[in-house]
Amino acid sequence: IVVHQNKIYGMHLVKGLIANPVETDKGVKIELIVEEGMKIAFPVHLCFGILPEEGRQEIEMDVKVRDGAQIKLLAHCVFPNAVRIVHIMNAEIEIGDNAYYEYNEVHYHGPNGGIEVIPRAKVRLGNGSRFITNFSLLKGRVGVFDMDYEASARDCSVLEMTAKIFGFGNDKIRIREVGRLLGRSSRALIKSRIAVKDDAISEVISEITAEGENSWGHVDCVEVVQGNAKAKAVPIVDVFNESAKVTHEASIGRVDKKQVETLMARGLEEERAIDMVVSGMLK
């Protein structure tokens, strides 16, 4: 499915996948259904973007993965000339019992930083299901980024949320990811890798609430700061069942000095060595 601003330029479906996209004044609404028991063998590609310097794109997604179904999505969001662009995504995702849903989202924003990205998602997992989301914004300016994802897991379900972002200039990054472990033996991992330099600002809020019996969760946040950049990490863990367990680790600081010195000893300039260490962390 290829969408430019509010126009659907192309769509090619496969067996077991139903899509009902509708163009609106400011974007598109997409109902995406994976039929019961269907396992989509190859990744389904979504392409969203705006090529001009200015524009607004609002994407509303209603995703239903029926019982026993599996799908893996690869989404590219491309704004190469952004000077004054707003990209908003609101998603409602319902994953049935023993189903699998993976969403890999890659952004490219161009060199100007004139973009505001506001993704929102609410995810509900059935019993024995799995939800994986990977977000990366490593090329071009971030601009203003404000993510807010919430996912709830039922019995024996697993949710994994990962975000990797590199901000510089005066970029502003805010991430809030929440996992609610409602079911028995449910699992959650919330992981973030953020690097900021120059005057960029980042704030990462990672929250796991464990209510189900024998549920388990972990928060893993690493932020690297260079120059005048500022970073903030807020891990929140709540446990409401004596058999549940939630752990967290968060670190903020400069690039590891020993790693930089090792690379410099092999002939790299300091700035290039730092960039390589940061690149390795984000990959």
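**View 1. Tyr101 counts as buried, at 2% relative accessibility.** Buried stands for under 20% relative accessible area, exposed for over 50%, and partly exposed for the range in between (1.4 Å probe, protein chains only). The model shown is predicted, so local features need pLDDT of at least 70 and side-chain atom pairs pLDDT 80 or more, while totals for chains, interfaces and linings use all residues. Residue numbers run from 1 along each chain as its sequence is written, and side-chain values use heavy atoms, without hydrogens or water.

**View 2. Four aromatic pairs are found in a search of the whole structure.** One of them joins Tyr101 and Tyr103, which are stacked with 6.4 Å centre to centre and 5° between the planes. Rings of Phe, Tyr and Trp (its six-membered ring) are paired if their centres lie within 6.5 Å; the pair is stacked with planes under 30 degrees apart, edge-to-face over 60, and tilted for the rest. Tyr103 is buried, with a relative accessible area of 6%. Ring pairs also bring in Phe131, giving a cluster of Tyr101, Tyr103 and Phe131.

**View 3. Phe135 and Phe145 form a tilted aromatic pair, 4.8 Å centre to centre and 35° between the planes.** This pair links distant parts of the chain: Phe135 is in strand β11 (residues 130–139) and Phe145 in strand β12 (residues 144–153), ten residues apart. Helices (H or I, at least four residues) and strands (E, at least two) are DSSP runs numbered from the N terminus. Phe135 is buried at a relative accessible area of 4%, and Phe145 counts as buried at 1% relative accessibility.

**View 4. The charged end of Arg141 sits over the ring of Phe168.** The distance to the ring centre is 5.7 Å. A charge is placed over a ring if NZ of Lys or CZ of Arg is within 6 Å of the ring centre and within 35 degrees of the ring normal.

**View 5. One cavity of 30 Å³ or more is counted.** The largest cavity holds about 80 Å³ of space. On a 1 Å grid over the protein atoms alone, a cavity is a set of points where a 1.4 Å probe fits but cannot get out; a pocket is an open set with protein on both sides within 12 Å along at least five of seven lines; and lining residues have an atom within 4 Å of a point. Points are joined across faces, edges and corners, and a volume is the space filled by probe spheres set on them. The lining of the largest cavity includes Tyr101, Tyr103 and Phe131, as well as Met61, Val63, Met89 and Tyr149. Strands β6, β8 (84–95), β9 (100–108), β10 (115–125) and β11 each supply at least two residues of this lining. The largest share, three residues, comes from β8.

**View 6. About 170 Å³ of space lies in the largest pocket.** Its lining is made up of Leu138, Lys139, Phe166, Lys197, Asp275, Val278, Ser279, Leu282 and Lys283. At least two lining residues each come from β11 and α2 (270–282). With four residues, α2 gives the most.

**View 7. Gln57 lies in strand β6 (residues 54–65).** Gln57 is buried, with a relative accessible area of 0%. Its side chain makes a polar contact of 3.1 Å with the side chain of His87. A polar contact is a pair of N or O atoms within 3.5 Å; within protein, one must be able to donate a hydrogen and the other to accept it, and residues adjacent in sequence count only if both atoms are side-chain atoms. Leaving aside neighbours within four places in sequence, Gln57 is in contact (heavy atoms within 4.5 Å) with residues including Val3, Lys26, Phe48, Phe79 and His87.

**View 8. Val78 is in strand β7 (residues 70–78).** Val78 is partly exposed, at a relative accessible area of 29%. Not counting residues up to four places away in sequence, Val78 touches Phe48, Gly49, Ile50 and Tyr108. Lys172 is 94 residues from Val78 in sequence and 19 Å away in space, C-alpha to C-alpha.

**View 9. Thr209 is found in strand β16 (residues 201–210).** Thr209 counts as buried at 6% relative accessibility. Apart from neighbours within four places in sequence, Thr209 is in contact with Gly179, Arg180, Leu181, Asp238 and Phe240.

**View 10. Asp256 stands at the start of helix α1 (residues 257–265).** A side-chain oxygen of Asp256 reaches to within 3.1 Å of the backbone nitrogen of Lys258. Just after α1, Gly267 has a positive phi of about 105°.
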